[in-house]
Amino acid sequence: MLFTSYEFLGFLVVLFILYYALPSRAQWPLLLAASYLFYGCADPSYLLYILATTGTTYGAARFIQKNADRQRAYLKAHKQALSREEQQAYKARQKAIRRRWLVGGLLIGLGNLAVVKYTNFVISNLNGILSALGQGEPLSFVTLAMPMGISFYTFQAVGYLVDVYRGTVTAEKNPFRVALFLAFFPQLVQGPISRYGELSQTLYAPHPFSARRVARGLQRMLWGYFKKLVIADRLLPAILVLTGDSAAYSGAYVLVGMFFYTVNLYADFTGGIDITIGIAEAMGITLPENFHRPYFSKSLKEYWRRWHMTMSFWFRDYVFYPVSTSSFMWKLTKFCRSRLGSQVGRRVPVYLSSFLVWLATGVWHGASWNFIVWGLGNFAILMISEELEPLYARFHRRFYVDGALWYKVFQVGRTFLLVSALKLFDCYACVGETFRAFGSIFTAGNWHIFWDGSLLGLGLTLTDYGVLAASTLLVVCVSLAQRAGSVRDAIHSRPYPVRFALWYALFLAVLLMGAYGIGYDASQFIYNRF
Amino acid sequence: MEELLNILSELHPDVDFTCQEGLVDDAILDSMDIVSLIAAIKDVYDVSITARDIVPEHFNSAAALYRLIQRLADED
């Protein structure tokens, strides 16, 4: 049941009616039932995986919480009787018990993800090694269901468990509430990756009907459908042609494919997130934002604070900080400082932790070397930028260009090119093919395709190009307008006929220009496969 | 406090840390700065700041960070 299917729209209509018709205490149980129905419709076997993750997460979190509560009560009762050292020793023993529950919960949750997502990738690499050594029969691949969105709900589960361990949230006593937190259907398949402390504020609360809130939610959904159906799905056939045969479509075609894919991914992913947040908003539930006009970033570092924010922040809070502030890293820092000097020692925790984060980010995106190289490519560029900081500072002291509009445009353009080039790893079958395709941009010399009509042979007509250009321009204008605040609020402040005309025009645009119709199968959202 | 201001100034010599109240919220300090800062604080104050303590409230101003250091020193 894709977000773009008629079944899903029917499902939503029935759900919204029931959600506001039932007593408010029945709203979150209804959402749990609807979420499991939604997920079960995709494939009933997926339910087993999410139930296993839910059970493990709930159980481990409860044990951690009970231990923490018991520790508090014990120390309160024996405050006078125990010395400071005895209290510290008791705390350390209890913390070790809680850590064991945490590690157990994480191993099961992440192990579940690792097995279904990476088993065949490992087998494929082992076969490559065996073949190179000329030894034995190749290992057989295994058939495992890859549950849709498993990477997203596993990360939410890990975040929840770690937060309970850190004591920043209290473990939920009701297992059905934990089940809803992990399975809430709008965000189940492509995020955003929510934190329990934030989402629980609105997920279980009663939400009386509010026409304004429902309208706002529907408006956000409509904007998401516009980006997905009018831009992303219209571009997709051309991208498949361009990246399907890198020998035939080399040189300037790669450049075209690169920009098409950059626009496609933005429209697809942000469109999907708009639909997700809009559905939740219509039901009074607040989900975290996942994008902040990322293609206007002036550096790669800034881009990663504005693109897929909930994933970046997840890696920062649950991988980067714990690793870089661990006692192992501290010992390593001291060792490097004493042997290699303070400059190297200072860089060790940051660089090593960043390397691990980017390796994990690449692996999270998919079981393929393309994603690993993509992750490490990001790492390399970020670290080189970090090392060049003194040079940039010297340049800016010499030339006063920092506030100039042309320089900002240059920075945004440079970052956009960099990000687009890195995204090529997502387009081609293997790393070698990606590098060959990228290299051909500078060697093929087939720039004539821009004026000899070749671009009309990619499955896009002149009308398609017109629609895409106008729609993309609209998205850019809306993004620029968002700098001054919410565009929906600005429209809402207009007289009723004006706002009705604007929303109706957008609705018509989706209806008339959306890439669907008889024989057309709206494509799955790109991030569903993660 | 003087030592903390020196550590911060080494990271960003162009920032006046005595009056900034949104070091994290305004993206003056990023995650890499925070890790470098924590290592320097460990050196100077012998205080371990863990991942649990890394929240914007503790890092948004020099005063808030100093309060965190004092609290952790007391707990030790």
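View 1. Residues are numbered from 1 along each chain as its sequence is written, while chains get letters from A and ligands get numbers from 1 in the order in which they are written. Since the model is predicted, local features need pLDDT of at least 70 and side-chain atom pairs count only at pLDDT 80 or more, but totals for chains, interfaces and linings use all residues.

**View 2. Where domain 1 of chain A touches domain 2 of chain A.** Domain 1 of chain A puts 10 residues into the contact and domain 2 of chain A puts in eight (two residues are in contact if their C-beta atoms, placed from the backbone, lie within 7 Å). On the domain 1 side, helix H6 (175-183) and helix H7 (185-188) of chain A each bring at least two residues, and H6(A) gives the most, with three. Helices here are DSSP runs of H or I, at least four residues long, numbered from the N terminus.

**View 3. The largest nonpolar core and Phe181(A).** This core is a set of buried Ala, Val, Leu, Ile, Met, Phe, Trp, Tyr and Cys residues joined through C-beta atoms within 7 Å; buried means 20 or more other C-beta atoms within 10 Å of a residue's own, exposed means 12 or fewer, and partly exposed is in between. Which of its 125 residues touch the most other members? They are Leu161(A), Phe181(A), Ala183(A) and Leu235(A). Helix H10 (residues 252-282) of chain A supplies the largest share of the core, 17 residues. Beyond its neighbours within four places in sequence, Phe181(A) has contacts that include Gln156(A), Tyr160(A) and Leu203(A).

**View 4. Arg166(A) in helix H5.** Look for Arg166(A) in helix H5 (residues 150-166) of chain A. Arg166(A) counts as partly exposed because it has 16 C-beta neighbours inside 10 Å. Arg98(A) is 68 residues away along the chain, yet the two C-alpha atoms are separated by 9.9 Å.

**View 5. Chain A meets chain B.** In this contact, 17 residues come from chain A and 14 from chain B.
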